[in-house]
Amino acid sequence: MCRYLWILLWVCFSFKISAQQQVLQLKPEQIEALFLKQNLELVARQLAIPMADAVIEQARLWNNPSFSLDGVNLWSSAGQREGETIPSLFGNFARNTQFSAELSQMISVSGKRAKLVKMEQVSREMAVVQFGLILKGLKTELRKTITGLVYLQDYQRALIRQQESLEKLIAASEKLHSRGNLSGNELVRLQSALLEMENEMKEVRVELNAARKNLKNLLSIREDLRIEVVPDQEPLPAPGAIDLTAIQGKAMEQRADLGLQKLQTEYYRQSLRYEKSLRIPDLNLSVGYDRRGGVWRDFVGFGIGLDIPVFNRNQGAIKAARLSQQQSELLANQQEAVIFNEVAEAYANYTDVYALYERTVRTPVLSKLDEMLDVYTKNLMEKNISMVEYMDFMETYKNAKQAVLAAKRDVQLGLEELSYTIGTEIIGKP
């Protein structure tokens with residue numbers, strides 16, 4: 001119920017009603033906030049932490065005492081008792097009845113319980129880090145989905161602008177053709193270009209539908225909504241403002257997978273201590289009561305028992321725990337090398353895409369593409385340019401728009417990938 005209430009709150013200020021489908025316009029930070037509230041996988045994974053708390057609570061518990069009742073006679077005759085009458089214990093209970101009872105309690109003398117608790121506490125820390133790792137991965141997936149959606153939205157708008165120009169030209173050209181002032185070949189070429197444009201728009205719509213489906217899956221939304229992203233205009237940090245050595249060091253501190261591997265090593269270290277403690281046998285203290293079973297009519301005796309560690313001293317388990325610890329330490333060292341190189345690669349890739357992005361946005365002609373489209377359309381209608389020149393420009397316009405939008409998309413994806421390899425947000429000067 002809370003889930004739908006949260007959606008309703010967003011709807012109150014973000015909905016724009018369409019004739020066919022409701023459109024939900026959200027900024028990236030709003031989508032991310034909704035994701036943290038809504039994503040069912042996160043909610044499910046987060047339950048691993050209280051589950052680990054429950055395991056720790058269980059490890060702290062003592063073993064239950066054991067009670068046994070034995071040697072109870074189901075019937076008794078005077079002949080069996082040789083004429084003797086056995087009095088009851090209280091009231092009419094146990095009259096003429098012989099039995100023995102024992103109460104025992106196992107006691108650990110090697111701190112097994114405390115060592116097990118420490119081992120499970122490390123396991124809980126691993127659950128917390130594992131949740132952080134899943135959260136970071138899903139957030140990165142969400143941001144990449146948002147970035148791809150923004151690219152497709154912008155490219156669709158560029159195609160729609162071209163489509164509108166072509167439709168305007170075709171309407172004017174049909175009138176000219178009907179009066180014999182325009183050849184059929186030129187009209188057919190415009191109509192063919194429009195068909196190609198509509199086919200490409202169909203393909204873009206298919207990609208948009210897939211991206212919106214992925215976004216709704218991440219937000220755990222089942223309502224029939226069309227989500228539109230309102231992109232932020234925040235400047236991206238320049239590679240020159242990012243110190244590679246510093247972010248490599250930060251990655252060693254922040255990467256959840258490395259932290260998880262180190263915790264795994266600590267877990268095996270605690271496991272080794274626990275397995276060693278199992279070499280020492282537990283004591284079993286007992287107190288027993290025997291009624292009319294021996295020399296004494298009512299006998300109370302105390303006992304102590306323990307295993308004798310002659311054959312099984314837990315040698316195999318100790319060896320396995322020691323080898324697991326060594327293996328985990330080696331894997332942690334290997335993971336450090338992997339992270340070091342991953343950060344360097346992501347930084348190099350971000351530097352390349354950022355340089356291309358800078359060249360693209362600073363090219364004066366590319367920033368005036370929409371104005372040029374209007375000018376070319378007007379000049380063609382006024383016969384100032386030929387059909388060939390116009391169609392060449394239309395192809396150039398589409399390719400240039402796609403290149404500009406792809407550069408913006410790729411630099412944002414590059415930044416997200418770099419942030420993911422570091423394990424934290426990048427803060428740098430644009």
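A salt bridge is a side-chain nitrogen of Lys or Arg within 4 Å of a carboxyl oxygen of Asp or Glu. The views below are taken from a predicted model.

**View 1. Salt bridge between arginine 255 and aspartate 257.** The closest N and O atoms of arginine 255 and aspartate 257 are 2.8 Å apart. Arginine 255 has a relative accessibility of 8% and therefore counts as buried. The whole structure holds 21 salt bridges.

**View 2. Side chains of helix H8.** Glutamate 266 and arginine 269 form a salt bridge with an N to O distance of 2.4 Å. The two residues are 3 apart in helix H8 (residues 256-277), so about one helical turn separates them. Glutamate 266 is partly exposed at 24% relative accessible area, and arginine 269 is partly exposed at 32%.

**View 3. Contact between helices H10 and H11.** Lysine 401 and aspartate 370 form a salt bridge, with their closest N and O atoms 3.5 Å apart. Because lysine 401 belongs to helix H11 and aspartate 370 to helix H10 (residues 369-381), the pair ties together parts that are 31 residues apart in sequence. Aspartate 370 is partly exposed, with 29% relative accessible area.

**View 4. Network of salt bridges.** Salt bridges link Glu32, Lys136, Lys139, Arg143, Glu416 and Glu425 in a network.

**View 5. Aromatic pairs.** The structure has 7 aromatic pairs. In one of them, the ring centres of phenylalanine 99 and tyrosine 289 lie 5.7 Å apart with the planes at 55 degrees, so this pair is tilted. Phenylalanine 99 is in strand S4 (residues 99-107) and tyrosine 289 in strand S6 (residues 283-291), so the pair ties together parts that are 190 residues apart in sequence. Phenylalanine 99 is buried, at 10% relative accessibility. Tyrosine 267 and tyrosine 268 form an edge-to-face pair, 6.0 Å centre to centre and with 70 degrees between the planes. Ring pairs also link Tyr350, Tyr354 and Tyr357 into a cluster.

**View 6. Arginine 409 over tyrosine 151.** The charged end of arginine 409 sits over the ring of tyrosine 151, at 4.3 Å from the ring centre.

**View 7. The largest pocket.** The volume of the largest pocket is about 1000 Å³. Its lining comprises 33 residues, and those closest to the centre are Asp232, Glu234, Leu236, Gln412 and Glu416. Helices H2 (28-38), H5 (112-178), H9 (315-361) and H11 (387-422) each supply at least two lining residues; H11 gives the most, with 8 residues. By class, the lining has 17 nonpolar, 5 polar and 11 charged residues.

Terms used:
Residues numbered from 1 in each chain as written. Predicted model: local features only at pLDDT ≥ 70, side-chain atom pairs only at ≥ 80, totals over all residues. Heavy atoms only, no water. 1 Å grid on protein atoms, 1.4 Å probe; cavity = no way out; pocket = protein on both sides within 12 Å on 5 of 7 lines; lining within 4 Å. Points joined across faces, edges and corners; volume = space filled by probe spheres on them. Helix = DSSP H or I, 4+ residues; strand = E, 2+ residues; numbered from the N terminus. Nonpolar A, V, L, I, M, F, W, Y, C, P; charged D, E, K, R; others polar. Phe/Tyr/Trp six-rings, centres within 6.5 Å; stacked < 30°, edge-to-face > 60°. Buried < 20%, exposed > 50% of the residue type's maximum accessible area, 1.4 Å probe, protein only. Lys NZ or Arg CZ within 6 Å of the ring centre and 35° of its normal.
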